[in-house]
Amino acid sequence: MRVHVNGALHHLEEGCRLDRLLAELGLAGTRIAVELNEAVVPASRHADTYIAEGDKIEVVHAIGGG
């Protein structure tokens, strides 16, 4: 299936969950915020959030400062 991640087209297997996509992108365990179709998905829901054909995913790195 095809999805967009930060505006770029990605091909994924059917039934892919958000945690798997983040692992494939090398982002597992990092401080990020994720939106799926303009709705924020908390980290606690990544493992049970399935991705569907045409979904739009935005991943933003959390940057600390002071």
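A residue counts as partly exposed when its relative accessible area lies between the 20% limit for buried and the 50% limit for exposed. The model shown in these views is predicted.

**Figure 1. Arginine 45 pairs with aspartate 48.** The two residues form a salt bridge. Their closest N and O atoms are 3.2 Å apart. Arginine 45 has 42% relative accessibility, so arginine 45 counts as partly exposed. Aspartate 48, with a relative accessible area of 43%, is partly exposed.

**Figure 2. Glutamate 53 reaches arginine 2.** A salt bridge joins these two residues, with 3.6 Å between the closest N and O atoms. Arginine 2 sits in strand β1, residues 2-5, while glutamate 53 lies in the loop between β4 (39-41) and β5 (56-61), so the pair ties together parts that are 51 residues apart in sequence. Is glutamate 53 buried or partly exposed? Glutamate 53 is partly exposed, at a relative accessible area of 45%. Arginine 2 is partly exposed at 47%.

**Figure 3. Arginine 17 meets aspartate 19.** The side chains of this pair form a salt bridge, 3.4 Å from N to O. Arginine 17 has a relative accessible area of 31% and is partly exposed. For aspartate 19 the value is 26%, which is partly exposed too.

**Figure 4. Three side chains make a network.** Which residues are linked here by a network of salt bridges? They are Glu13, Arg20 and Glu24. Across the structure there are five salt bridges.

**Figure 5. The chain as a whole.** The chain holds one helix and five strands. Along the sequence they follow the pattern β-β-α-β-β-β. The C-alpha trace spans about 40 × 20 × 20 Å along its principal axes. A compact globule of 66 residues would have a radius of gyration near 11 Å; the chain has 12 Å, which agrees.

Figure 6. Of the 66 residues, 29% count as buried.

**Figure 7. Surface and charge.** The chain exposes about 4,400 Å². Carbon and sulfur atoms supply 52% of that area. How many positive and negative charges does the chain have? There are 6 positive and 10 negative charges.

Note on methods. Residues are numbered from 1 along each chain as its sequence is written. This is a predicted model: local features need pLDDT of at least 70, side-chain atom pairs count only at pLDDT 80 or more; totals for chains, interfaces and linings use all residues. Side-chain values use heavy atoms; hydrogens and water are left out. Helices (H or I, at least four residues) and strands (E, at least two) are DSSP runs, numbered from the N terminus. The radius of gyration is taken over C-alpha atoms; the globule rule is 2.2 Å times the number of residues to the power 0.38. Buried means under 20% relative accessible area, exposed over 50%, partly exposed in between (1.4 Å probe, protein chains only). Accessible areas come from the Shrake-Rupley method with a 1.4 Å probe; for residues, only the protein chains shown count as cover. Lys and Arg count as positive and Asp and Glu as negative; His and the chain ends are not counted. The place of a charge is taken as NZ of Lys, CZ of Arg, CG of Asp or CD of Glu. A salt bridge is a side-chain nitrogen of Lys or Arg within 4 Å of a carboxyl oxygen of Asp or Glu.
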